[in-house]
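Open the structure in your viewer and keep the selection tool at hand. This tour goes from stop to stop and says what to look for at each.

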Amino acid sequence: MNLNRRTFVKAATAFAAAPRLIASANATSTREPLRQFDYADVQLTGGPFAQQYDALHAHYLALSNDRLLKVYRQRAGLPAPGKDMGGWYDRDGFVPGHSLGQYISGLARFGASTGDTACHQKVHDLVDGFAATLGPNNQSILRPDTNLWICYTLDKHFAGLIDAATLSNMPAAKELLSRVLAGSQSLLPAKGRDRIAKKDPPYDETYVMPENLFTAAALTGNPNFRELARRYLLDRELFYPLADGKDPFPGQHAYSHAIALSSAAKAYQVLGDDTYLKSLQNAFHLLTTQQQFASGGWGPNETFVTPHRGELYNALSTTVDHFETPCGAYAATKLARYLIRFTPAPTNTAHADNLERVLFNTILAVKPPDSDGDYPYYSTYSPVATKVFYQKKWPCCSGTLAQTVADYPLNIYFQSDAGLYVNLYTPSRLRFKIAGKPIELTQETRYPAEDTTALTLHPASPTAFTIFLRIPAWLTQPATIRLNGKPLDLRGQSGTYAAVHGTWRAGDRLELTLPQSFRTEPIDDLHPETVALMRGPVQYVALNPTPELSQARLALPSGLKQLAPQSFIENYSGNQIVFIPLHHIQNETYTTYFSKA
Ligand SMILES: [Zn+2]
C-alpha cells in the first residue's frame, strides 16, 4: 500500500478533520454519536489490564455455586449444601446475598468477550439456582423481615438477570425480571429518596436503580420497570442542581451518588431530556477538578469533600480510607464512558484521559482477592501505606470488582458515523464493520512501559474511514504518527483527537508514539506544595519509604533518574528513593504524596 494511493486529511484536531455527522433518523443514536462496542467485539490480548482481567475471570469462575446460593436456599427452606460464605453475605450478615447478581453479571460479561462457555454455563446454573428459590410470591431473599436493603440488593438481581439474558443467551432470565419485580412490589418505597436512615432503618438506596430499571423496561416491554425508573430518579436532590451548575456533592456518600449518575445517563438516553446530560457534564467537572486525588479516586471516608478547605490534604493524615476503589472505579469509568458516547465529534480528550487515569491508578492497582472472600475495598494515599483487604468478607466491592474489570474491553474503542475512535492504548483485538464491511484491528504495545502503540488493520477489502487517535492532554512533547513506517505530516496536538483518514488495506500499520514525561499534581488548591508524581497516565509512588520522606523537600520531577522502563530513583540526604507505578505495588509499603522543593 503506497501513500499516494490514498488521501489524508491533515488536521491538528479531530474537530477540524471530522466529516460533518450525518443527521440520524434515530433519536437514540443522535444522543449517542459515539457508540460503544459489544463485549464480543473486543478481546484483551496482553499487557497489565489483560493480566488482571484473566486472573479475575478465573477467580469468579472458581467461586462455589452452592456457597453463593446457600443463603438464598436457606431463606426458601430448601436443602442448602456448602459452607457459609461469611462476612456480609450470610443469613446474619450485613446484607445477605447482596452481590450474587453482580457475580452473575461479571461472569456473563467475561463470557461474552472471551467466548468462554464455562462462564455462560455458570451464569445459567446460578440463575437457575436463584429461580428455584423464588417461591410462589417471587420474593426469594428479599423479604421485609429478613433484608432491610431491598432496593440495593434488587438492583443487583436485575443487573445479573439483564446480563444473563443479553450476554449469556438465557431467555429464561428475561422472564425472571418481571417475576422478581412483581415479587418486590409490596416491599418497595412509594417514592425515591436520598440516602436515609443509615443507623435508623429502613435504610436503602432507591436512586441507584433507574439505570437497570430502564434497561429491563426495554428488554421486557414491561411498563412497570419504566414507571419505577422515573419514580426513583434522584432529580430534585442531585440531577437538577447539577444541571443548574450547582455543587450538591459536599458531604454526600460518594459511591452511591456517583453510581446514581449512571441512572442520569440512562435517563438521558431513554427520555431525551438534556437536563440529565447537563447534570453529567457538571458532575464530571466537579469530580475531576474538586474531588479527586491524582489517582482518579475520590471520597475519603466514603464522603465527598467540601472544596477549597484543604480537605483532601487533611485526609492524608486523618484516615487511611481514601477511595472505595472497586465500587468507585465502577462509577467513574461508567460516567466517563457515557460522556464519551454522548459527546459528538469530541474536540478534547478530557473524558477519555480521566478514564485512563482511573483505570491505571485505581482499579488496576488493587490488591488481588484471595479465594475465600477477602477483597480490596479502600485505597490508601497516606504516607507509608500498604494495600490491604477489607475487614469483612464479601463486601460490596467484591461485586463491582467483577463488573469493572469485565468491562475493560468496552473502554478501548468507540465508533461514530465518522470513523473509529481509539481511546485506550493496550494490547487488544477489535472486530467491527464500516458500511457493512468487516474489519479486524489488532493493537500491539508495551505502553505505558514504552511510548509506542501499533495498530494493524485487516479489512476484508480496501475500506475508507477515519481513525481518531486520542492524544492525551498530559503530553508535553509532540506525538508522532507513522503509517507503514513513514511519518505522517499530521500533528497530534495534546488534548485532541488526531484524525487519520485513509483507504485502509490489509496489513496497513499505524504507529502512534506518545512521549511520556513526568509532572507533579498538587493535592488541592490550598496545598500546592504537596504533590503526586505522574508520568503520562500513571501515578508513581515511593517504594518502601521512610516516614520522614513525605516531609522531605524533593526535587520532583527534575531530580529523577531512570533505572528501568518503569523504575526511577532520586537521591536525597544520602538515600536513594525508588519510584514505581502505584499499580506495580504488591505487598511493599509506598508513599503517594510528597513535598516539593
Ligand atoms: Zn464497595
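In which helix does D235 lie? Select residues 235-243: this is helix α11, and D235 lies in it. Keep in mind that the model is predicted.

Stay on D235 and show its side chain. D235 is buried, yet it has no salt bridge. Leaving aside neighbours within four places in sequence, D235 is in contact with Y240, P241 and Y276.

Next, select F239, also found in helix α11. Is F239 buried or exposed? Its relative accessibility is 0%, so F239 counts as buried. Show what F239 touches beyond its neighbours within four places in sequence: the contacts include L233, A260, L261 and Y276. Then select Y381, which is 142 residues from F239 along the chain; their C-alpha atoms are separated by 30 Å.

Move on to strand β16, residues 530-535. Here 6 of 6 residues are buried. T530, A532 and M534 are on one side, V531, L533 and R535 on the other, and both faces are covered.

Which strands pair with β16? Strand β15 (residues 518-522) pairs with β16 in the antiparallel sense over 5 bridges, and P522 stands opposite V531. Strand β23 (residues 594-596) is antiparallel to β16, with 2 bridges; there, F594 is the bridge partner of V531. Strand β17 (residues 538-543) runs antiparallel to β16 and is joined to it by 3 bridges, with Y540 as the partner of L533.

Finish at G536, in the turn of the hairpin formed by β16 and β17. G536 has a positive phi of about 60°.

How values were computed. Residues numbered from 1 in each chain as written. Predicted model: local features only at pLDDT ≥ 70, side-chain atom pairs only at ≥ 80, totals over all residues. Heavy atoms only, no water. Helix = DSSP H or I, 4+ residues; strand = E, 2+ residues; numbered from the N terminus. Buried < 20%, exposed > 50% of the residue type's maximum accessible area, 1.4 Å probe, protein only. Lys, Arg positive; Asp, Glu negative; His and termini not counted. Salt bridge = Lys/Arg side-chain N within 4 Å of Asp/Glu carboxyl O. Contact = heavy atoms within 4.5 Å. Pairing = 2+ DSSP bridges.
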